[in-house]
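Please look over the model below before reading on. My notes follow as numbered points.

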Amino acid sequence: MPVQYKTAWASLSAAILVTVYYSWNLLALKGNITLHSSEMMSLARNVFGFTIIVQMLIIFIHFVSKDEPDLKERARFISLRSGRIALLFLIVAVASCAAYLIYVADTRSLLLSPLISAHLLVSVLLAAWIIRYTAELWMYHRARHLSVETPASPNDSNPFLT
């Protein structure tokens with residue numbers, strides 16, 4: 001299995017852990033949210049810091065991996081496709097938030113303060129992170145499943161079966 005497949009599992013696990021940590025701490029803040037603005041900002045700062053550290057470690061592992069060129073090329077292709085899916089989700093989610101703020105909400109009934117909007121965007125980023133690596137793992141699984149259904153000739157090298 002390519003290193004990228006293993007690091008995709010690590011990234012998905014980290015994304016789920018960060019999301020659970022973020023959600024748990026955000027839901028623990030009860031009452032008026034403006035009373036907890038410093039706690040909410042430190043929570044967002046912790047989530048971004050941990051996310052950046054984890055992704056830097058995973059990028060370093062990708063950089064020093066010793067996979068064969070064919071494995072790296074397929075992993076790069078799968079990574080780019082899953083990145084497109086996550087980017088599409090981000091575009092739709094951010095555009096929906098912007099449309100809500102511009103067209104639906106008026107100033108008297110605006111339910112989203114800037115702090116709540118920031119946390120909504122953090123949630124969207126965490127969801128996109130999970131979607132990206134879930135899509136990547138699904139594509140690896142699908143490629144492996146297709147290669148099992150269609151056996152390769154002895155001369156073909158199939159990196160997903162090794």
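1. On the helix 1 side the face consists of Val3, Gln4, Thr7, Ala10, Ser11, Ala14, Val18, Tyr21, Tyr22, Asn25 and Leu26. Helix 2 answers with Met40, Leu43, Asn46, Val47, Phe50, Thr51, Val54, Gln55, Ile58, Ile61 and His62.

2. How are these two helices set against each other? Helix 1 spans residues 3-28, and its axis lies 11 Å from that of helix 2, at an angle of about 175°. Helix 1 is therefore roughly antiparallel to helix 2. Axes here are lines fitted to C-alpha atoms over the stretch in contact, with angles from 0 to 180 degrees between N-to-C directions. Angles under 35 degrees count as roughly parallel, over 145 as roughly antiparallel, 65 to 115 as roughly perpendicular and the rest as oblique.

3. A word on provenance. The model is predicted: local features need pLDDT of at least 70, side-chain atom pairs count only at pLDDT 80 or more, and totals for chains, interfaces and linings use all residues. Residues are numbered from 1 along each chain as its sequence is written, and side-chain values use heavy atoms, with hydrogens and water left out.

4. Overall make-up. The order from the N terminus is α-α-α-α. Of the contacts with a separation of 6 or more, 80% join residues 24 or more positions apart.

5. Burial and surface. Of the 162 residues, 31% are buried. Buried means under 20% relative accessible area, exposed over 50%, partly exposed in between (1.4 Å probe, protein chains only). The accessible surface comes to about 10,700 Å² (Shrake-Rupley method, 1.4 Å probe), and carbon and sulfur atoms hold 71% of it.

6. Which residues make the nonpolar surface patch? They are Phe48, Ile52, Met56 and Leu125, covering about 390 Å². Patch residues have over 30% relative accessible area and no salt bridge, and nonpolar side chains are joined within 5 Å. Helix 2 (residues 37-64) gives the largest share, 3 residues. Met56 sits in helix 2. At a relative accessible area of 55%, Met56 is exposed.

7. Salt bridges. The count is 2, taking a side-chain nitrogen of Lys or Arg within 4 Å of a carboxyl oxygen of Asp or Glu. One pairs Glu73 with Arg76, at 3.1 Å from N to O. Both residues lie in helix 3, 3 residues apart, about one turn of the helix. Glu73 is partly exposed, at 46% relative accessibility. Arg76 is also partly exposed, at 46%.

8. Arg76 also deserves a look along the chain. Helix 3 covers residues 69-104 and holds Arg76. The C-alpha atoms of Arg76 and Gln4 are 8.5 Å apart, across 72 residues of sequence.

9. Is the salt bridge of Glu136 and Arg132 buried or exposed? Both residues are buried. Their side chains meet at 3.1 Å, N to O. They lie 4 residues apart in helix 4, about one turn of the helix.

10. Surroundings of Glu136. Helix 4 (residues 114-149) carries this residue. Glu136 has a relative accessible area of 3%, so Glu136 counts as buried. Leaving out residues up to four places away in sequence, Glu136 touches Gln4, Ala8, Ile78, Ser79 and Ser82.

Definitions and conventions
Contact = heavy atoms within 4.5 Å. Patch = residues over 30% accessible without salt bridge, like charges linked within 9 Å, V, L, I, M, F, W, Y side chains within 5 Å.
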